There are 2 protein chains.
Amino acid sequence: MQPVTVAGPDTGPATGPIARRPGRPRSEQAEQAIIEATLDVFAEQGFEGVCVELVAARAGVGKATIYRRWPNKEELLLAALGSLKSPYPEPQGDSVREDLLAIIEVMCADKADPRKARRYALLLGEGEKYPRLMARYKAEVVEPRRDMIRSVIRRGIGTGELRPDTDVEISMLTLTGAIMAQEKSLDGKLDGDFAARLVDGLLRGCTARP
Amino acid sequence: MQPVTVAGPDTGPATGPIARRPGRPRSEQAEQAIIEATLDVFAEQGFEGVCVELVAARAGVGKATIYRRWPNKEELLLAALGSLKSPYPEPQGDSVREDLLAIIEVMCADKADPRKARRYALLLGEGEKYPRLMARYKAEVVEPRRDMIRSVIRRGIGTGELRPDTDVEISMLTLTGAIMAQEKSLDGKLDGDFAARLVDGLLRGCTARP
DNA sequence: CCGATACGAGACTGTTCCGTATCGATAGTT
DNA sequence: AACTATCGATACGGAACAGTCTCGTATCGG
């Protein structure tokens with residue numbers, strides 16, 4: 001499955017989807033190696049650290065083989081990050097707590113994966129310098145997940161499971177934000193049940209009940 | 001007031017604190033202009049975008065005037081970011097809600113200031129490439145504020161205002177994280193009373209009460 | 001005035017990196 | 001076999017930038 005929405009690998013002048021082009025065909029293996037190397041370097045070196053020469057060396061590929069496929073570095077990164085998809089758990093509807101927990105756990109797992117975790121940096125870091133990358137990341141990763149959380153909460157309000165005056169937006173920001181804030185700023189030792197503690201903390205609230 | 005803890009401006013070979021050194025004295029005005037320009041460029045261009053030549057041009061200063069004071073770019077940034085201090089509201093102790101609100105409002109105000117907001121990028125972004133900068137930022141800005149929030153919550157638990165089983169760490173991450181997550185990823189229109197909604201959301205919880 | 005240091009400006013060197021061009025070799029089609 | 005596009009490798013031009021150095025000038029104490 002190739003990402004084609006935004007300048008996927010350039011397959012050259014239109015020759016029809018089936019017609020075979022003359023000459024040596026492009027190596028699918030090289031293509032995959034390039035994407036993998038890009039993700040590795042991105043995970044290790046961060047955003048500005050992705051230099052094409054290093055990616056080429058890691059992939060065991062010539063630079064031309066990269067530029068034959070993507071016109072510049074941004075397109076390469078766009079393709080590489082676009083290939084990092086996480087499965088979205090479909091809310092089961094048993095309870096708000098379980099649904100939220102499933103989502104938060106996936107997000108925590110993402111954060112534990114260095115490749116995916118680095119993308120969070122786009123949100124607060126140098127992301128403004130790469131607006132297309134930002135926009136794509138937001139649209140493909142951030143917003144779908146936010147919407148999922150919002151809808152779970154709204155459904156909980158509808159069913160009476162949650163307070164009718166629940167602040168949907170604040171609740172969502174609370175959950176996603178806590179994940180971002182965790183551990184990166186201090187190696188908190190609250191790994192295992194972090195997701196559960198987070199969701200329960202939100203549901204329960206802190207105020208003492210008489 | 002000069003930052004001296006970490007390689008402040010190099011005042012040359014030790015000549016005693018009072019003894020006047022011969023020759024033309026350094027321009028305090030140039031020094032301030034350099035710091036200001038550094039902060040401006042940092043706010044606009046982000047971390048990697050801070051190039052000394054640009055800072056010098058903005059400050060109306062020669063590069064040598066910068067390098068006479070700080071040995072390299074990292075020290076310059078260290079000094080510039082170190083000069084960005086926000087007043088820490090001292091918890092008044094009237095109520096947990098009021099104390100938290102005061103802290104959160106200051107943090108939100110910080111985030112609205114582009115200069116200060118950019119520093120958040122260090123936490124998730126390219127910060128790992130500048131460990132000294134990271135450490136200093138954490139120690140001087142992040143942890144004091146986190147500790148303040150923790151202590152307010154702990155006091156609330158002690159006084160019975162908060163549930164005894166309140167998760168201090170989770171509550172703190174919830175508050176600070178939500179601030180980070182807000183608006184940067186989507187221009188939410190929840191500006192004015194964001195801090196209040198956030199604190200109230202945490203205190204109240206979402207679960208419906210029978 | 002003199003010596004010492006700082007000043008702004010900018011030339012200069014060395015490094016890094018993007019993107020292009022070129023090499024002989026390779027793997028397909030016709 | 002002829003043809004053609006891709007292969008990995010590498011040289012290259014150009015830009016950006018860190019850090020050093022050198023101008024001629026300005027500002028201090030003595």
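The surface near DNA strand C has 10 nonpolar, eight polar and 10 charged residues (nonpolar: Ala, Val, Leu, Ile, Met, Phe, Trp, Tyr, Cys and Pro; charged: Asp, Glu, Lys and Arg; polar: the others, Gly among them). This is a predicted model in which local features need pLDDT of at least 70 and side-chain atom pairs count only at pLDDT 80 or more, while totals for chains, interfaces and linings use all residues. Residues are numbered from 1 along each chain as its sequence is written, and chains are lettered from A and ligands numbered from 1 in the order in which they are written.

**DNA strand C**
- DNA strand C is surrounded by 28 residues, the closest being A:Cys51, B:Gly23, B:Arg24, B:Gly62 and B:Thr65 (near: C-beta atom, placed from the backbone, within 6 Å of the strand).
- Two or more residues each come from α2 (52–59) and α3 (63–67) of chain A and from α3 (63–67) of chain B (helices are DSSP runs of H or I, at least four residues, numbered from the N terminus).

**DNA strand D**
- Around DNA strand D there are 28 residues, of which A:Gly23, A:Arg24, A:Gly62, A:Thr65 and B:Arg24 come nearest.
- Here α3 of chain A, with α2 (52–59) and α3 of chain B, each give two or more residues.
- By class, the surface near DNA strand D has 10 nonpolar, eight polar and 10 charged residues.

**A:Asp113**
- A:Asp113 lies in the loop between α5 (96–112) and α6 (114–124) of chain A.
- A:Asp113 is partly exposed because 13 other C-beta atoms lie within 10 Å (buried: 20 or more such atoms within 10 Å; exposed: 12 or fewer; partly exposed: in between; C-beta atoms placed from the backbone).
- Its C-alpha atom is 9.1 Å from that of A:Ala43, 70 residues apart along the chain.

**Helix α8 of chain B**
- In α8(B), 12 of the 14 residues are buried, so the helix is largely enclosed by the rest of the structure.
- Among the buried residues are B:Ile170, B:Leu173 and B:Ala181.
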